[in-house]
Amino acid sequence: MKTCLKIVYALMVFYALPALASTYALIMTIGAYHGGAKPLEGSRQDIQSARAIARKMGVSDSNMMVFRDEQLTIEGIEKAFDELFSRISDNDQVFIYYSGHGGSARIEEEGGRCAAAIVAVDSKWFMDSDIQKKDRKSTR
């Protein structure tokens with residue numbers, strides 16, 4: 001009887017443990033833009049720095065997604081976030097690193113707030129609300 005209780009207790013403890021979380025990194029750098037935006041010389045070094053930060057945070061190389069320059073059109077940025085959201089679960093930790101031009105604009109249709117943007121390689125803007133929309137779609 002004692003053995004049976006020990007097994008039941010062990011099973012209860014095992015099932016009570018929370019799911020183990022994973023850590024992921026999405027690293028995006030743009031150094032050379034289309035359309036006359038000033039080139040950014042340090043983006044190659046930024047990839048190395050971002051990888052080092054991610055490793056210190058416990059991100060394995062297999063959980064690091066790195067995108068750069070020509071990969072980061074508006075469509076490429078959308079794909080990068082889609083890939084990220086397809087891989088993560090509720091308790092996972094995510095490190096997002098972006099090196100490139102950014103911008104901000106007042107968004108009237110969203111209550112007049114100041115919105116931040118990633119400037120894509122083709123000089124189009126990927127707004128913070130675009131990221132939020134992707135996150136909401138992934139949780140449905």
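Tutor: Strands here are DSSP runs of E with at least two residues, helices are runs of H or I with at least four, and both are numbered from the N terminus. Two strands pair if DSSP finds at least two bridges between them. The model is predicted, so local features need pLDDT of at least 70 and side-chain atom pairs count only at pLDDT 80 or more, while totals for chains, interfaces and linings use all residues. Residues are numbered from 1 along each chain as its sequence is written, and side-chain values use heavy atoms, without hydrogens and water.

Student: In β5, what is the bridge partner of Ile107?

Tutor: Arg113. β4 and β5 are antiparallel and share six bridges.

Student: And how many bridges join β5 to β6?

Tutor: Three, again in an antiparallel pairing. Ala117 faces Met127 of β6, and Val119 is opposite Trp125.

Student: What is the strand order in the sheet?

Tutor: The open sheet runs β4-β5-β6. β4 (102-107) and β6 (125-127) each have a single partner strand, so one side of each has no neighbour in the sheet. From one strand to the next the twist averages 40 degrees, with angles taken from 0 to 180 degrees between N-to-C directions of axes fitted to C-alpha atoms, for helices over the stretch in contact.

Student: Which helix packs on the sheet?

Tutor: Helix α3 (residues 74-87), which touches β5 and β6; contact means heavy atoms within 4.5 Å. The direction of α3 makes about 30 degrees with that of β6.

Student: Back to the hairpin of β5 and β6: which residue takes a positive phi?

Tutor: Ser123, near 65 degrees, in a hairpin with five residues between the strands.
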